[in-house]
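Grab a pencil and work through these exercises with the model open beside you. Try each task before you read its solution.

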Amino acid sequence: MKIAMVSEHASPLAVLGGVDAGGQNVHVAELSAAMARRGHDVTVYTRRDDPDSPERVQTEHGYTVVHVPAGPAKQLPKDQLLEHMSAFAQYLDQQWGIERPDVAHAHFWMSGIATQLAARAQSVPTVQTFHALGVVKRRHQGAQDTSPSARIKLEKLVATHATWVAATCTDEVFELVRMGRARTKISVVPCGVDLNTFSTEGPIADRGARHRIVGVGRLVPRKGFDTMIEALPAIPDAEYVIVGGPEHGRLKSDPEVRRLRSLATKLGVADRVKFAGPLPRDDMPAMLRSADVVTCTPWYEPFGIVPLEAMACGVPVVASAVGGMLDTVVHDVTGRLVTPRNPRECAEAVSTVLRDSFLRRSLGLAGRDRACARYSWDRVAADTLRIYDRLVSADVMQTALPTDLGQATIQSG
């Protein structure tokens, strides 16, 4: 099968930990690799953000990455990319006119716009994975939401007109139905984890005698690293290691690092909060294995790959009871679920895990078992392929888009 993956801002080749580089990049890379292992012809289309990037890159994992010329060849915040989606769609239309894919899988709402605009001309069935929904982001961030003003309207059109929608968690299904998407044309297909790389066996990062709490993610306020810092005074003799953000040379000047360090100083725990910066992907398992507990405490989270990776490494997780973590983390079995933005509850949950070595071991082993049973990338690829097969074998063709999507995109740009 010829599969087109469209991921306009999240390249599978990107270094993780930046403002716009995280779980979606991993998802696209790992899903594409799993599809390629099964013998499928996979091409990932992502926006060119570097003038030196070749147009096509054949990866060692068997899939091809195409850098699409849409807008200036430099890094731009994803919230500034909407105006370039028409050019992105034109490129896809041209390429697919020469070699039509059997199915096009769009990742994120702007990728969905470009994909559907191109797919209608070539009658290509489309699958949409949002990774995050604008209605949820607006609900939690309010005036701080920097998304384009047309996002919610356009996102609803994308959700309505995709041939199929692959939601990453149960919570997202409810949101999509409220947006007008038919429940009968939604499947829950979670993110996965590389069980060979993220395992209980392997090197462990250096650490001291203190208990170690590890948090991983992009350094933006919604990730809730401040919640864990506010909990730290109630967790004596424990250090909190934050992985992510800009390169070490720019850590000190990063606004979110400065904010978090100021908070830690104010609370008297600055000596126990460590900023590790971004880590190469190959070094992440060793860091997770060095933790007594991994925390993931965002305000909201569409899915959350870090808890899965920690579980695969046999490390217990304390996570906010939001989004995909309601599916992946089983309370009191693989970790603890806590109310978001509640430092006291977070401190109680982490302390309970830290003071009981048998509990840590039990939660960790159960987490590994759950990751292996449900969240391997091969299992996720199989679930996704069932959707593709359904659309292709039934010869479900993309219906013509209503003009409101194309016109709204052009007007927004």
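**Exercise 1.** Work out which residues of α13 meet which residues of α14, and how the two helices are set against each other.

*Solution.* 
Step 1: find the touching residues. T352, V353 and L354 in α13 meet L359, R360 and L363 in α14, where contact means heavy atoms within 4.5 Å. Helices here are DSSP runs (H or I, at least four residues) and strands are E runs of at least two, numbered from the N terminus.

Step 2: get the geometry. Helix α13 spans residues 343–354, and its axis passes α14 at 6 Å with an angle of about 100°. Axes are lines fitted to C-alpha atoms, for helices over the stretch in contact, and angles run from 0 to 180 degrees between N-to-C directions.

Before you go on, a quick note on the ground rules. This is a predicted model, with residues numbered from 1 along each chain as its sequence is written. Local features need pLDDT of at least 70 and side-chain atom pairs 80 or more, totals for chains, interfaces and linings use all residues, and side-chain values use heavy atoms, leaving out hydrogens and water.

**Exercise 2.** Find the aromatic pairs and classify each one.

*Solution.* 
Step 1: there are two aromatic pairs in the structure. Rings of Phe, Tyr and Trp (its six-membered ring) pair if their centres lie within 6.5 Å; planes under 30 degrees apart are stacked, over 60 edge-to-face and the rest tilted.

Step 2: take Y45 and W96. Their ring centres are 6.1 Å apart and the planes meet at 80°, so this pair is edge-to-face. Y45 sits in strand β2 (residues 41–47) and W96 in helix α2 (residues 85–98), so the pair ties together parts 51 residues apart in sequence. Both Y45 and W96 are buried.

Step 3: now F108 and W109. This pair is tilted, with 6.3 Å centre to centre and 55° between the planes. F108 and W109 are both buried too.

**Exercise 3.** Which charged residues sit over the rings of Y300 and Y375?

*Solution.* 
Step 1: the test is that NZ of Lys or CZ of Arg is within 6 Å of the ring centre and within 35 degrees of the ring normal.

Step 2: for Y300, the answer is R222, whose charged end is 4.8 Å from the ring centre.

Step 3: for Y375, R374 lies over the ring face at 5.7 Å from the centre.

**Exercise 4.** Where are D332 and R341, and what values of phi do they have?

*Solution.* 
Step 1: Most residues other than glycine have a negative phi.

Step 2: D332 has a positive phi, near 65°, and sits in the loop between α12 (325–328) and β14 (335–338). D332 is partly exposed at 45% relative accessibility.

Step 3: R341 also has a positive phi, near 60°, and is in the loop between β14 and α13. At 53% relative accessibility, R341 is exposed.

Notes. Buried means under 20% relative accessible area, exposed over 50%, partly exposed in between (1.4 Å probe, protein chains only).
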